[in-house]
Amino acid sequence: MLRRLLECRLVLVYSSGSINLLHYGLGYGFYCCVVWSLLLRLPGEISLAQAIAHSAVHALLAWGQFKAAQTLAALRKDGKGAVIHRKHLLPQGHLFRYLSSPHYNLEMLIYLNLFCLRRRRRGGGLLFHLLLFVLVNQSASALLSHAWYRQQFGSSFPADRRALIPFVL
């Protein structure tokens, strides 16, 4: 959560659009549930190898999300980091070569990684429901964003860019 807070405050450049109040409340409620579910059901015994593997995967996915946030923010900044506009432009590079909204896909993978860490332990059912919520929410967001990009940018939108699964969907 700290990474996400710092990203929101220090990296991202927001448009002049607004978010639905219900969606905003759902986001806050969701993150509170995730934190409390993890704190209340800390992993029992996991091996050092498992801890290292899951931590490495998490760090890689979080880094990918950060790079996606930087790519999006760079569309609205000049070379010195000053905000120059708030228009929507077509992101290029990084994972945007393959996906319209890789930050949504990486979010799903982060929760899948958490679920895999906990799936055999008591409390895995709660994480399954959190994972399910993330999969539905982020998939819908990715599909809607992909459709918006296609409509907004028409023939300049890369034909091989996908919404959820690179080269497939």
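**A core, a surface patch and a ring cluster**

Gly93 is found in the loop between helix 3 (48-74) and helix 4. In this predicted model, Gly93 has a relative accessibility of 24%, so it counts as partly exposed, since buried would require under 20%. Although Gly93 and Ala68 are 25 residues apart along the chain, their C-alpha atoms are separated by 9.2 Å.

Next comes the interior. In soluble globular proteins, nonpolar side chains tend to be buried together. Here the largest nonpolar core has 14 residues, and Tyr111 and Leu164 are those with the most contacts inside it. Helix 4 (102-118) and helix 5 (124-153) each supply at least two residues of this core. The largest share, 6 residues, comes from helix 4.

Tyr98, Ile165, Phe167, Val168 and Leu169 make a nonpolar surface patch of about 520 Å². One of these patch residues, Ile165, lies in the segment after helix 5. Its relative accessibility is 42%, so Ile165 counts as partly exposed, a label that covers values between 20% and 50%.

Aromatic rings complete the picture. The count comes to 6 aromatic pairs. In one of them, the rings of Trp148 and Tyr149 have centres 5.5 Å apart and planes at 70°, so the pair is edge-to-face, as that label applies to planes over 60 degrees apart.

Terms used. Residues numbered from 1 in each chain as written. Predicted model: local features only at pLDDT ≥ 70, side-chain atom pairs only at ≥ 80, totals over all residues. Heavy atoms only, no water. Core = buried A, V, L, I, M, F, W, Y, C linked by side-chain atoms within 4.5 Å. Buried < 20%, exposed > 50% of the residue type's maximum accessible area, 1.4 Å probe, protein only. Helix = DSSP H or I, 4+ residues; strand = E, 2+ residues; numbered from the N terminus. Patch = residues over 30% accessible without salt bridge, like charges linked within 9 Å, V, L, I, M, F, W, Y side chains within 5 Å. Areas by Shrake-Rupley, 256 points an atom, 1.4 Å probe, with all protein chains shown as cover. Salt bridge = Lys/Arg side-chain N within 4 Å of Asp/Glu carboxyl O. Phe/Tyr/Trp six-rings, centres within 6.5 Å; stacked < 30°, edge-to-face > 60°.
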